[in-house]
Amino acid sequence: MTLLTGDCYRASLDDGRELYLDGDRVTDPARHPAFAPAARELARQLDLQHDPEHRELLTWKDPATGHRLARAHQPTRTPEELRVQRRSAEFWHAQSLGQHGRSPAFMASIALGVYDFRHRLAAGRPEFGANAEAWYRHVAENDLVLSHALGDPQVDRSADPVNDPDLALRVLSEDDRGIVVRGAKQLTTLAPLAHEVLVYLSASFTQGRGEQFVVWFALPLNAPGLITLCREPLGSEPWGHGHPLGARFDEQDAMLFFDDVLVPWDRVFLLRDADLAREGLGRINAWSAYIGHIRFRERLRTLLATATLVAESIGVDGFRNVQEDLGRLAGYAEMAEYFLDAAEARARRTDSGLLAPGDTAASRVWSAEVAGEAVGIVRRIGASGLLMQPTEKDLAHPRLRPHLDRYMRGRGVDADYKSRLFRLAWELTGDGFGQRQDLYEYVHRGDLTRNRINVFKRYDNSEARARLTGLLGGAPHEEAAR
């Protein structure tokens with residue numbers, strides 16, 4: 001099949017999955033009003049792979065088959081291949097203004113990570129490594145749109161799932177067909193618009209005692225017994241002005257309920273091996289962390305452009321405090337670029353022979369720390385104007401229009417342009433879509449406290465410690481240290 005077209009993608013979503021929105025079963029998400037605009041946008045992007053202008057950047061030819069595949073699936077073996085993958089991801093994320101956290105380019109890089117880790121998975125069971133490789137080739141050859149599921153339900157985080165099994169997805173049984181799983185996964189972004197879901201363990205849960213909760217697998221989202229429940233859409237309000245960002249880029253977040261779902265053996269990658277799961281979390285996310293940072297940089301650039309246009313439209317772009325805020329945003333965007341350069345400069349050879357981006361743990365912490373402030377800068381510059389702007393119908397009303405032209409214009413811009421700009425800024429930072437994006441930036445990289453602790457534990461500061469210890473006259477006596 002190889003590369004999807006937009007039409008084939010939308011048609012493929014009508015696959016009999018059990019999908020629910022607001023108490024109703026959705027039979028074809030590509031045609032449902034809540035999902036259709038987002039599906040059309042993904043279809044448009046997939047069609048770009050067939051455009052001769054972008055074909056070489058967005059795709060590559062697999063030497064094993066001669067097929068054209070999405071660039072994000074390419075196993076990178078040289079620095080140049082890694083840089084081309086970066087340029088391809090930059091193109092993808094520019095298409096969505098940095099709003100698609102789970103773009104096909106991002107999720108394909110996780111499939112690549114699973115492929116890279118196949119030798120270690122085979123150490124658990126030889127067939128699991130073969131399964132990982134076969135699944136990677138399946139999704140790459142068919143250009144499947146993927147989602148992934150990590151978090152367990154927020155029922156009682158103080159309780160132990162060993163004592164209350166409903167707190168986490170678990171393996172109920174196994175036979176010659178495969179394993180049967182029961183439970184839920186909490187935040188499966190893009191699930192209504194994806195073909196398959198990759199399920200693997202959250203980093204915190206690998207510390208648990210129950211081996212029945214340690215499992216990695218992949219399934220089609222129309223698997224029998226798999227139920228998808230969507231949250232309220234963020235871009236389909238039937239009144240007021242349009243929501244171009246929310247309508248096009250709301251990826252949806254969903255709960256997955258596994259109602260005694262059979263996972264065939266050829267779809268299982270890891271089972272009851274917490275140590276290997278802990279090791280694998282960092283390994284399989286090597287490329288996705290890198291691609292995700294490309295997406296974050298594009299979001300920062302979008303916020304900077306929005307803040308600049310808003311400032312210019314109301315004549316505050318020359319104010320010292322506004323220029324300082326814009327400078328801070330520009331600094332964030334440039335820092336993101338530095339982190340990407342560092343990931344490439346520190347690229348490492350994996351045990352499977354691929355060249356993976358270097359460690360990006362510190363950049364993930366930094367990104368979560370500055371994401372909220374980046375949004376806050378746009379809010380500060382736009383201030384109350386973000387809250388009150390006329391709609392398209394207001395602008396068309398003959399009684400209102402003279403007042404809008406007089407009192408709701410900007411510096412050198414008319415009321416039409418200013419209202420569209422400020423409404424976009426509000427959608428980006430303030431309404432339901434904007435708030436979801438802001439929360440996503442804070443939580444999707446994992447627990448911030450744990451990530452900070454991990455950076456501290458992994459950072460080798462032994463040389464500086466030794467210098468200070470020498471300055472202090474040697475190591476402290478054992479009794480004194482106690």
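I looked up Tyr442 first, and I noted that Tyr442 is partly exposed because its relative accessible area is 45%, where buried means under 20%, exposed over 50% and partly exposed in between, with a 1.4 Å probe and protein chains only. Tyr442 is found in helix H16; helices (H or I, at least four residues) and strands (E, at least two) are DSSP runs, numbered from the N terminus.

I am reading a predicted model, in which local features need pLDDT of at least 70, side-chain atom pairs count only at pLDDT 80 or more, and totals for chains, interfaces and linings use all residues. Residues are numbered from 1 along each chain as its sequence is written, and side-chain values use heavy atoms, leaving out hydrogens and water.

I then checked the confidence, given as pLDDT (the predictor's confidence in each residue, from 0 to 100). The protein averages 92, and 95% of the residues score at least 70. Helix H19 (residues 478–481) has the lowest mean pLDDT among the elements, 54, while strand E1 (residues 18–21) has the highest, 98. I remind myself that where pLDDT is low, the predicted coordinates should not be read in detail.

Next I traced an open sheet of four strands, in the order E5-E8-E9-E12 and with mixed pairing; two strands pair if DSSP finds at least two bridges between them. Strands E5 (146–149) and E12 (268–271) stand at the edges with a single partner strand each, so one side of each is left without a neighbour in the sheet. Strand E9 (residues 215–220) pairs with E12 in the antiparallel sense over three bridges, and I found Val215 opposite Leu271 in E12.
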